[in-house]
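This report describes one protein chain, starting at its surface and ending with the chain as a whole. The sequence and structure come first.

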Amino acid sequence: WYVAGGKIDITFTGLGYDGTTWWAVRNGKVDTTYCGLISNGGSWWYVTNGILDTSVTGIVETGGSQWLVQTGKLSSSYMGPYVYNGVMYNVVNGKVVQ
């Protein structure tokens with residue numbers, strides 16, 4: 001569970017830090033099954049099985065859209081072509097567009 005001010009906060013969704021690991025927290029509860037992007041402090045980060053995954057670089061799919069992630073962080077300012085696994089993607093503000 002996510003605790004803030006000594007109380008469980010069921011309204012929190014984002015990354016929670018336990019002193020050693022950043023975890024995906026959804027509605028106040030650690031979600032060890034979550035894979036995808038999650039917000040933390042104004043940035044979006046990639047999570048694998050509930051844990052922040054900075055090894056991810058490339059195009060990922062979350063919520064029905066494709067995004068450019070570099071070292072685990074959404075590249076929200078990237079604009080232009082990006083080649084990943086031999087495929088050319090057009091990226092605007094980190095999002096793959098057609």
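## Surface patch

Trp1, Val3, Ile8 and Ile10 together make up a nonpolar surface patch with about 460 Å² of accessible area. Patches are built from residues with over 30% relative accessible area and no salt bridge, joining like charges within 9 Å and nonpolar side chains (Val, Leu, Ile, Met, Phe, Trp, Tyr) within 5 Å. A salt bridge is a side-chain nitrogen of Lys or Arg within 4 Å of a carboxyl oxygen of Asp or Glu. Accessible areas follow the Shrake-Rupley method with a 1.4 Å probe, and for residues only the protein chains shown count as cover. Val3 belongs to strand β1 (residues 3-4).

## Basis of the values

The model is predicted: local features need pLDDT of at least 70, side-chain atom pairs count only at pLDDT 80 or more, and totals for chains, interfaces and linings use all residues. Residues are numbered from 1 along each chain as its sequence is written, and side-chain values use heavy atoms, leaving out hydrogens and water.

## Aromatic pairs

Rings of Phe, Tyr and Trp (its six-membered ring) pair if their centres lie within 6.5 Å; planes under 30 degrees apart are stacked, over 60 edge-to-face, and the rest tilted. By this rule there are 2 aromatic pairs. Tyr17 and Trp22 form a tilted pair, 4.7 Å centre to centre with 35 degrees between the planes. Tyr17 is partly exposed at 46% relative accessibility, and Trp22 is partly exposed at 32%. Here buried means under 20% relative accessible area, exposed over 50%, and partly exposed in between (1.4 Å probe, protein chains only).

The pair of Tyr78 and Tyr82 is edge-to-face, because the ring centres are 5.9 Å apart and the planes stand at 90 degrees. Tyr78 is partly exposed, at 25% relative accessible area, while Tyr82 is buried, at 14%.

## Gly63

Gly63 sits in the loop between β9 (58-62) and β10 (65-70). With 81% relative accessibility, Gly63 is exposed. The C-alpha atoms of Gly63 and Leu37 are 8.7 Å apart, and the two residues are 26 residues apart along the chain.

## The chain as a whole

The chain has 0 helices and 14 strands; helices (H or I, at least four residues) and strands (E, at least two) are DSSP runs, numbered from the N terminus. The C-alpha trace spans about 50 × 20 × 20 Å along its principal axes.

Of the 98 residues, 35% count as buried. The accessible surface of the chain is about 5,900 Å², with 52% belonging to carbon and sulfur atoms.
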